[in-house]
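Dear colleague,

Below it you will find my notes on what turned up, written out step by step.

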Amino acid sequence: MKRFFAITALCCISAFIAQAQFEKRSYLNDAALAPRNHVLDFTKMQLWLSFETSTGLVKGRVVHVFTPLRPTVDSFFLDAIKMNIKEILLDGKPVNYHNDSAGISILPAETLHWNTEYNLTITYEVNPRRGLYFIGWNDKNNLSRKQIWSQGEATDNRCWIPLYDDMNDKLLTEMYVTFDSSYEVLSNGKLEERKNNNNGTSTWHYAMSHPQSAYLVMLGIGKYDIKETYSASGVPVHLYYYPQWKDRVEPTFEYSEVMVDFYEKEIGVKFPWESYSQIPVQDYMFGAMENTTATIFGDFFMVDKRAHLDRNYIGVNSHELAHQWFGDYVTARSESHKWLQESFATYYNQLFEKEVLGQETFDWDRRGSQNAAIEESKKNKFAVAHSEGGGVRIYGKGAFVLNMLKYVVGGREIYNKAIKYYLEKHAYQNVDSHDLLIAFEETTGMDLEWFWDEWIYRGGEPSFDINFKEAGNNAEIIIKQTQQISDVTGYQYGLYKMPVWIEIHYTDETTDKKLVNINEQTEIIKMQIADGKKVDFVLFDPGNEILKSVRFYKPFSMLQSQAIKSSSILDRFDAVAAMKNINVESKRETLINVFNKEKYFPLKVEVVAQLANDSNEKSIALIKSALIDKDAAVRKAALKNASPLSNGLLPAFENLLSDSSYDIIEMALVKLTTVNPAKTKFYLAKTKGVEGIVGKSTLIKWLEIAYNSTGKKSYADELVKYTSGSYEFRTRGNAMAALKRSGYFNETLIANLMDALLSPNDRLSAPAKDMLKFYSIQSKYKKMITDYIGSVQWTSLQKSILKANDF
């Protein structure tokens, strides 16, 4: 029966796919749709590097091997930002060139011809402001970590390597790095050799065995220990960590080896590189970067077991690993098709989390992506495959679309077959969205062009109004598409078409279901109600397979049953959320039952939000229970929504000052000192010495409250200390914000803010500039800032930065 039903459903979906024909197609214009024009195919790059760390100077020599793509080439251009070119040789001979702040124009004396291989050698020096970052080398207090690390995406490797810096070319890379022997050096590929020199330095030689795009070239230098391990399939895994943080290795790198094996099995393609490394770095501006064979990630993800409650690396870890297939093995041809990298990495990250954390985690991730996509569509109607689509679409929405694609083609087995075919067909090559479509059509025989048009090439999402009517044994489900009609959304005239399941659940716990093909503005679906059965609740798209917004009026009795009985967490959640405006007397018992029944946090959090201000003793007991719930998310919800000064909750709130979660301690400290300032001294004593995780956030907040409640200058001066270059930028930014809120300013802070303003890290320089501007318009501080600027001997680069920022 189950086998017959599955085949019937697949046949219905396939028949639906073959239906409508397009009369016209309209899309939003995308200037970045086509890949960048280029005349050469770069096939290999060898790079020799050394550094002057105190000045942030790169000394490099790069050899490019290339062949022309045109019959003849008279000149060509390499990206190279503000580089000091020492020498350029073409096949060993000097060649004419012209360089400016953007790059180098090479002018060969003789015409280059295709089917001929050439070698170009460039010796250069550069002080990069982007792409390669020198961390901590000029810290006057010698507290900061000392590192050098790269961030190439999207096109920043041109800031430290002269090269063709775009994603639509792939080349083999080798890197030779000479540096202090007491450090570790990581780059792409296999470590071929580490040679010890006579001057206290070593030279590391890394080489790739398969080609990669230029933005994936990486370098990481710092003081690390390395955990050497293997996946079950034998892939070498190198996990870098700070020697002082050995206790953070296991919580941080949890599942790292297991992920490799999961992806090899799920994707059907072996790990496509020689090894896999991960390296944490200080002051990383993003989350992580999937450089081929060597992921860089922010060291704020290196957490101990306690901090793991608030933040963990599992999702980011699995996302970046998935990129080794989707992004590195096959790489988008242009920015318009970047979803082929980010959507896939997000989706396979979600699949891994489903494997280890469960179906409800997977579904809740999808719901977050759905909500974000719908909100983004209120701003514009860019598509997933559009260079201006934005992170919400190329990450979360695209991942949701891939899950819908799996649903439409008939499930995991046929979807996985198509993905394996797509990857192997385009191994180590560039791809676009049409390549994926062709792979699915060639493996499934299905016409899926409508799906690509509706969900990938055009924007928006459908919105449905649903009504259920029951008359005797007859039921009608009236479905209306109510989204704004546009010629750049939907499949035709702004309407959407999709196969959708409708389920009628009965009080005897049996179910009738029907697959319907939605493609009209209004559809009336008729279903029979079996004799003697009573409808309990009705679901439109059970499990939320389709990206959409829905308004489905249901009586409270139906919501009650759905909230308790539905198998999908999303359907249960929707029922509870729909009770928000229902009188608390009517819904209290149902919500309490939901809270006691649920194991995963989202519904418990929603119940807490709805009952937090209810003075009934049962609701108060529930809030007290929530404040000690084993899930930190539930405790946070109670802390956020309930009042500590009502219903005898103050002792329970005060207990949270000793919580296992750093986030909860900080939240409790802020809330309690705000609503109950008379006990601030007691609350500060209870939380003294708690640092928190990212950016010392709890400690910074503690110092801010301590200064504002006591006026003691020592607390403010400690905050000033944390704005200095001895600390990573998140700590510095948190301290700046605390000082600004507190209205504290002195000469030491000016020096620290000026140092931050000069940083190439926009996430540090921007808040520093904002704070300096804030104080410079106040007459009593303006002169202090002006005098400080006049007292320092600035370099020409520093002067230009100050001028650009109006100082």
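How many helices and how many strands does the chain have? Please keep in mind throughout that this is a predicted model. In it, the chain has 26 helices and 32 strands.

Let me begin with the overall form. A compact globule of 807 residues would have a radius of gyration near 28 Å, and because the chain has 30 Å, its value agrees with that expectation. Along the principal axes, the C-alpha atoms fill a box of roughly 90 × 75 × 50 Å.

The surface and the charges come next. The chain exposes about 33900 Å², and 50% of this area is supplied by carbon and sulfur atoms. There are 94 positive and 100 negative side chains, and the centres of these two sets lie 6 Å apart.

Now to the aromatic rings. A pair of such rings is described by the distance of the centres and the angle of the planes. The count for the chain comes to 57 aromatic pairs. Trp273 lies in the loop between α3 (256–267) and β21 (276–281), while Tyr428 lies in the loop between α8 (412–425) and β25 (429–431), so the pair ties together parts that are 155 residues apart in sequence. Both Trp273 and Tyr428 are buried. Another aromatic pair, Phe300 with Phe301, is tilted, with the centres 4.9 Å apart and an angle of 45° between the planes; Phe300 and Phe301 are buried as well.

Finally, I would ask you to look at one helix: why can α14 be called largely enclosed by the rest of the structure? The reason is that 8 of the 11 residues of α14 (residues 601–611) are buried, where buried means under 20% relative accessible area. These buried residues are Pro602, Leu603, Lys604, Glu606, Val607, Val608, Gln610 and Leu611. As for what covers them, the elements include α6 (359–376), α12 (569–577), α13 (584–597), α15 (617–627) and α16 (632–641).

With best wishes

Technical notes. Residues numbered from 1 in each chain as written. Predicted model: local features only at pLDDT ≥ 70, side-chain atom pairs only at ≥ 80, totals over all residues. Heavy atoms only, no water. Helix = DSSP H or I, 4+ residues; strand = E, 2+ residues; numbered from the N terminus. Rg over C-alpha atoms; globule rule 2.2 N^0.38 Å. Areas by Shrake-Rupley, 256 points an atom, 1.4 Å probe, with all protein chains shown as cover. Lys, Arg positive; Asp, Glu negative; His and termini not counted. Charge placed at Lys NZ, Arg CZ, Asp CG, Glu CD. Phe/Tyr/Trp six-rings, centres within 6.5 Å; stacked < 30°, edge-to-face > 60°. Buried < 20%, exposed > 50% of the residue type's maximum accessible area, 1.4 Å probe, protein only. Contact = heavy atoms within 4.5 Å.
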